[in-house]
Amino acid sequence: MAIGTRTVRRPVENTSYLRASLRGMALTFRHLVRPGKPVLEYPDEKPVLSPRWRGTHRMAVHADGRPKCVACGLCPAICPANCIRLVPGEDDQGNRYPVVYEIDEFRCIFCGMCQEVCPVEAIHVGQDYENAEYTRERFVYDLDRLMAQDHDVTDLWDPSDPRGE
Amino acid sequence: MHEIGAPGPIALLISHAVKVMIVFTVIMITVAMLTLVERRVSAWIQDRLGPNRVGPGGLLQPFADGLKNLVKEETYPRRASRAFFMLAPMLAIGPALVTFAVVPFASPLPTPWGLIEMVVADLPIGILYILALTSVGVYGIVMAGWASNNKYSFLGGLRASAQMVSYEVALGMSLIPIFMLAGNVTLTQIVWTQQQELGLWLAFPLGLSFFLFVISAFAETNRLPFDVAEAESELVTGYHTEYSSMKFSMFFIAEYANMLTASALMATLFFGGWDIPFWNGDDMRVVAPGVVQGAVPAIWKTLLTLAAFAVKTLFFVFVFIWVRWTVPRFRYDQVMHLGWKVMIPSALGYIVLIGTTILVLDRAGLPFGFVYGMALTAVSLVATGVFVFWIDRDRSIGGAGAGTVGAGGALPAGITVTRMRAGRPAAAPVEV
């Protein structure tokens with residue numbers, strides 16, 4: 001017997017399989033008839049997400065449909081999972097833009113640092129979790145797909161209110 | 001006595017065919033619904049909702065499951081014994097479905113072609129037929145375990161056979177007081193005894209018998225807390241590990257059909273069958289083809305008694321499910337201990353007690369009736385009290401953890417403590 005434990009024997013008069021079982025059955029019956037099961041009927045009811053809940057990404061766009069991304073390269077640099085692939089380009093006026101911008105959502109750990117670090121508030125993590133696909137390739141989101149996402153984006157962490165109160 | 005008239009040979013043949021068809025269909029549909037009921041009840045007990053998406057309230061879920069099982073792939077283990085592997089589910093499901101034949105489910109039905117008894121086959125051997133066929137059902141499980149060529153399945157089959165052998169004895173013995181009291185093994189006669197001769201459901205004069213029968217029935221149907229043959233956590237669902245698609249489904253149907261039959265037997269043997277309490281309008285029995293003793297049969301009475309039978313049976317089905325989702329599984333040695341050292345001696349002692357009481361009451365010249373039944377009830381209450389307050393004090397379910405509470409503080413002064421040895425208390429308590 002391990003140090004510090006002691007097994008106390010219960011007197012025989014107090015042991016009863018039947019009594020214990022009946023007590024258990026009373027308990028299960030109370031649960032059986034209990035109204036208002038704490039259940040979320042998922043496809044019909046959706047859970048309420050925290051505003052800081054982080055899901056799949058979304059790229060913000062300008063009014064004329066161009067991505068807000070300036071291909072500065074900060075997000076692939078900070079990404080701890082190395083899931084962002086960025087090939088920068090430059091147009092005639094000298095504006096930088098992403099030629100290729102891909103996020104592998106399988107590799108992503110949804111830390112949200114890409115959103116924190118983005119200087120022009122282009123890339124965001126979002127409030128979306130229903131993203132099942134039939135192939136693994138479909139989980140690499142390219143720029144068009146990221147811009148086409150229309151779910152809500154995640155609120156940034158506010159250092160002046162660290163607990164979100 | 002009421003002469004209704006016996007059905008002619010053709011009417012008899014047709015009525016039997018119709019009865020077989022209706023009973024079979026009702027059993028199959030009830031079994032299908034029971035799988036849903038089990039899942040819904042277990043869900044509610046665990047504060048969930050259960051399957052509720054296929055059809056209104058999930059009512060079509062069993063049919064979706066059945067369809068899925070029909071179209072799924074049949075797999076055979078490479079080293080399995082093909083013939084026995086295929087025979088086993090048939091052997092399990094066959095007896096499970098035919099045992100219901102001898103259970104009377106309503107009062108006799110008067111038709112323009114004569115009086116028709118509401119039982120598929122009123123065999124004179126009644127209960128013996130059921131006991132014999134449920135024993136055959138075990139072969140299906142044992143055979144499945146052996147033919148799968150899988151050590152876990154094999155263990156499951158072994159456990160099933162050992163358990164069945166142990167508890168069949170107790171099951172049969174728990175029924176002997178009924179035979180002594182009713183003087184017959186025919187189920188219609190036993191219903192009549194409760195309804196008219198005794199005026200008392202046998203659960204009262206034979207209380208301990210009922211209790212032992214319920215426990216044995218749980219063991220015989222392999223339901224928790226006696227499901228050591230399946231034991232998911234130890235044996236990977238035991239004997240039907242290797243079975244897929246419809247063959248698995250057949251084991252499943254067999255289990256629920258057995259459960260239904262066991263519930264129907266509890267209702268018939270101990271709770272008056274289709275008898276409606278406190279009402280004499282249904283007290284009737286067929287003494288000869290087409291001749292009824294007692295009340296006048298009527299179609300509405302048949303329907304009413306059928307409803308009474310269904311309510312009683314479904315109540316016990318619910319108890320089966322309720323217990324399953326409350327009580328944890330026994331260990332194998334606990335099952336054996338309970339079977340051989342508690343159930344069988346108790347049943348034997350009870351047979352002697354009831355036999356003596358019947359002898360004494362007969363010698364005293366007490367007429368067979370309500371007072372006779374109440375005298376037996378008093379004796380049974382004492383016997384049940386002994387079982388509940390003496391045998392069930394650490395003598396029914398022992399084991400390594402029995403009789404202990406978790407690590408706690410000092411014992412109050414003067415409390416005696418028994419030392420445990422392999423789950424059994426030593427002879428003398430030891431003073432601390």
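What follows is a walk through a helix pair and its neighbour.

A: The model is predicted. Start with helix α4 of chain B, residues 126-147. Helix α4(B) packs against helix α5(B), residues 151-182. Their axes lie 7 Å apart, at an angle of about 170°. Angles over 145 degrees count as roughly antiparallel, so α4(B) and α5(B) are roughly antiparallel to each other.

Both helices supply residues to the contact. On α4(B) these are Ile127(B), Leu131(B), Ser135(B), Val138(B), Ile141(B), Val142(B), Ala144(B), Gly145(B) and Trp146(B). The α5(B) side includes Phe154(B), Gly156(B), Gly157(B), Leu158(B), Met164(B), Glu168(B) and Leu175(B). By class, the residues of this contact divide into 12 nonpolar, seven polar and one charged.

Now the neighbour. Helix α6(B) spans residues 187-197. It is mostly covered, with eight of its 11 residues buried. Leu187(B), Thr188(B) and Ile190(B) are among the buried residues.

What covers them? The cover over the buried residues of α6(B) includes α4 and α5 of chain B. Helix α9(B), residues 245-270, is also part of that cover, as is strand β4(B), residues 284-288.

After α6(B) comes Gly199(B). Its phi is positive, near 65°.

Note on methods: Residues are numbered from 1 along each chain as its sequence is written. Chains are lettered from A and ligands numbered from 1 in the order in which they are written. This is a predicted model: local features need pLDDT of at least 70, side-chain atom pairs count only at pLDDT 80 or more; totals for chains, interfaces and linings use all residues. Axes are lines fitted to C-alpha atoms, for helices over the stretch in contact, and angles run from 0 to 180 degrees between N-to-C directions. Helices (H or I, at least four residues) and strands (E, at least two) are DSSP runs, numbered from the N terminus. Angles under 35 degrees count as roughly parallel, over 145 as roughly antiparallel, 65 to 115 as roughly perpendicular and the rest as oblique. Two residues are in contact if their C-beta atoms, placed from the backbone, lie within 7 Å. Ala, Val, Leu, Ile, Met, Phe, Trp, Tyr, Cys and Pro count as nonpolar, Asp, Glu, Lys and Arg as charged, and the others, Gly among them, as polar. A residue is buried if 20 or more other C-beta atoms lie within 10 Å of its own, exposed if 12 or fewer, and partly exposed in between; C-beta atoms are placed from the backbone.
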